[in-house]
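Work through the exercises below with the sequence and the 3D structure at hand. Each task is followed by a solution in steps.

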Amino acid sequence: MTLYNLGTLGSTPVVKNNFDLNASEPTDVFQFKITSGKNINLSLTDISAGDDADIQLFKDANLNGVLDDFDRKVGLVSNQASNHDDAINFKTSSGTFFAEVSRFAPGSSGNVSYDLALSATEPSGTVPLSASFSNLLPREFIVGNLSHDVTRTGSIDNRNTTDVYSFTLGTFEGVNIKLNGLSSDADIRLIRDFNNNRIVDAGEEIAHSTNGGINSELISNFTTAGNYFLQVTEFNGATNYNLTFDQFTTPFA
Ligand SMILES: [Ca+2]
Ligand SMILES: [Ca+2]
Ligand SMILES: [Ca+2]
Ligand SMILES: [Ca+2]
């Protein structure tokens with residue numbers, strides 16, 4: 001195990017690219033603290049082809065500054081199969097935390113490389129809403145090319161404050177994006193990662209819909225071809241949701 005101490009984590013993402021794991025060094029642990037309530041965002045991407053890495057988040061529950069068996073009794077895990085991206089978005093109070101990236105041995109041969117990004121944005125439920133959206137872009141749910149209507153169902157809560165969908169809009173195609181079926185307030189935003197760094201940089205939010213209460217959200221009549229991310233984010237409380245990509249064709253490219 002290799003331990004990296006990142007100090008205090010803030011909203012500016014900390015990026016650890018091209019890190020490696022192998023059979024003799026199967027885990028990396030990134031220690032950090034947050035000094036007030038935040039949404040902790042973790043994004044594990046670019047896992048080497050043919051391999052599998054997973055991520056877990058633990059709090060230093062016994063306040064001894066060390067990741068131990070006591071802390072490991074409670075934690076969050078993202079263990080998508082193969083080299084699918086992993087994501088954790090956790091609303092929590094202040095403390096010291098450990099993000100552990102581990103090589104899943106049965107799914108990996110030799111070296112496993114990965115990119116990890118970490119950030120601590122404002123906690124869900126605070127305003128402005130823009131401060132609590134995750135600024136990380138794991139491909140949690142891959143919709144692919146929108147050649148027809150697509151509806152996905154999901155749920156968000158304090159232990160999963162964000163879901164991220166990736167999709168592609170081709171030429172002569174448009175989309176209306178709708179979020180409904182809510183029992184608590186949730187919001188959406190559309191992002192184009194122009195520089196492909198899997199971080200939401202200035203100018204990369206294309207549109208958002210942030211109505212109050214359980215009102216549905218809508219980003220309508222979007223017709224610019226390209227690759228996009230759609231974030232569904234908790235405002236307050238747990239809710240299921242329906243996310244619909246209503247695809248249509250346009251007479252222009
Ligand atoms: Ca501990
Ligand atoms: Ca999620
Ligand atoms: Ca970017
Ligand atoms: Ca809303």
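The model used in these exercises is predicted.

**Exercise 1. Domains**

Task: State which domains the domain assignment gives, how far apart their centres are, and how much area they bury between them.

Solution. 
Step 1. The assignment divides the protein into domain 1, residues 2–121, and domain 2, residues 129–249.
Step 2. Taken over C-alpha atoms, the centres of domain 1 and domain 2 are 24 Å apart. Domain 1 brings 21 residues to the contact and domain 2 brings 19 residues.
Step 3. The two domains bury about 1500 Å² between them, and 53% of this is on carbon and sulfur atoms. On the side of domain 1, the residues that lose the most area to domain 2 are Asn 89, Lys 91 and Thr 121, together 31% of what that side buries.
Step 4. One salt bridge is found across the interface of domain 1 and domain 2.

**Exercise 2. The annotated spans**

Task: Find which residues UniProt gives to the feature "domain: Peptidase C-terminal archaeal/bacterial", and describe the secondary structure of each span.

Solution. 
Step 1. The UniProt record, an unreviewed entry, places this feature at residues 27–102 and 161–233.
Step 2. Residues 27–102 are 5% helix and 54% strand, and the C-alpha atoms at the ends of the span are 4 Å apart.
Step 3. Residues 161–233 are 0% helix and 58% strand, with end C-alpha atoms 6 Å apart.
Step 4. Take Thr 27, which is found in strand S3, residues 27–34. Buried means under 20% relative accessible area. Thr 27 has 16%, so Thr 27 is buried. Beyond its neighbours within four places in sequence, Thr 27 is in contact with Met 1, Thr 2, Leu 21, Glu 100, Val 101 and Ser 102.

**Exercise 3. Calcium ion, ligand 1**

Task: List the residues that coordinate the calcium ion (ligand 1), and decide whether Asn 62 and Asn 64 are buried, partly exposed or exposed.

Solution. 
Step 1. Along the chain, the donors of ligand 1 have the spacing D-x1-N-x1-N-x1-V-x1-D-x2-D.
Step 2. Asn 62 has a relative accessible area of 30%, so Asn 62 is partly exposed. Asn 64, at 39%, is also partly exposed.

**Exercise 4. Calcium ion, ligand 2**

Task: Find what coordinates the calcium ion (ligand 2), and how the donor residues are spaced in sequence.

Solution. 
Step 1. The donor residues of ligand 2 follow E-x19-N-x1-T-D in sequence.
Step 2. Thr 162 has a relative accessible area of 0%, so Thr 162 is buried. Asp 163 is buried as well, with 3%.

**Exercise 5. Salt bridges**

Task: State how many salt bridges a search of the whole structure finds, then examine the pairs.

Solution. 
Step 1. The search finds four salt bridges.
Step 2. One of them joins the side chains of Lys 38 and Glu 122, at 2.8 Å from N to O. Lys 38 is in strand S4 (residues 38–45) and Glu 122 is in the loop between strand S9 (112–121) and strand S10 (141–145), so this pair ties together parts 84 residues apart in sequence. Lys 38 is buried at 14% relative accessibility, whereas Glu 122 is partly exposed at 31%.
Step 3. Arg 72 and Glu 100 form a salt bridge, with the closest N and O atoms 2.7 Å apart. Arg 72 belongs to helix H1 (residues 69–72) and Glu 100 to strand S8 (residues 95–103), so parts 28 residues apart in sequence are tied together. Arg 72 is partly exposed at 37%, and Glu 100 is buried at 5%.
Step 4. Arg 189 forms a salt bridge with Glu 205, the closest N and O atoms being 3.0 Å apart. Arg 189 lies in strand S14 (residues 185–191) and Glu 205 in strand S15 (residues 205–209), so the pair links parts 16 residues apart in sequence. Arg 189 is buried at 6%, and Glu 205 is partly exposed at 29%.
Step 5. The side chains of Arg 198 and Asp 85 also meet in a salt bridge, at 2.6 Å from N to O.

Key:
Residues are numbered from 1 along each chain as its sequence is written. Chains are lettered from A and ligands numbered from 1 in the order in which they are written. This is a predicted model: local features need pLDDT of at least 70, side-chain atom pairs count only at pLDDT 80 or more; totals for chains, interfaces and linings use all residues. Side-chain values use heavy atoms; hydrogens and water are left out. Donors are N, O and S atoms within 2.8 Å of the metal (3.2 Å for Na, K and Ca); water is not among the atoms, so sites may look incomplete. Buried means under 20% relative accessible area, exposed over 50%, partly exposed in between (1.4 Å probe, protein chains only). Helices (H or I, at least four residues) and strands (E, at least two) are DSSP runs, numbered from the N terminus. Contact means heavy atoms within 4.5 Å. UniProt positions are given in the numbering used here, feature names are shortened, and annotations may be inferred rather than shown by experiment. Domain bounds come from an automatic or database domain assignment. Buried area is the accessible area (1.4 Å probe) that two parts lose on being put together, summed over both.
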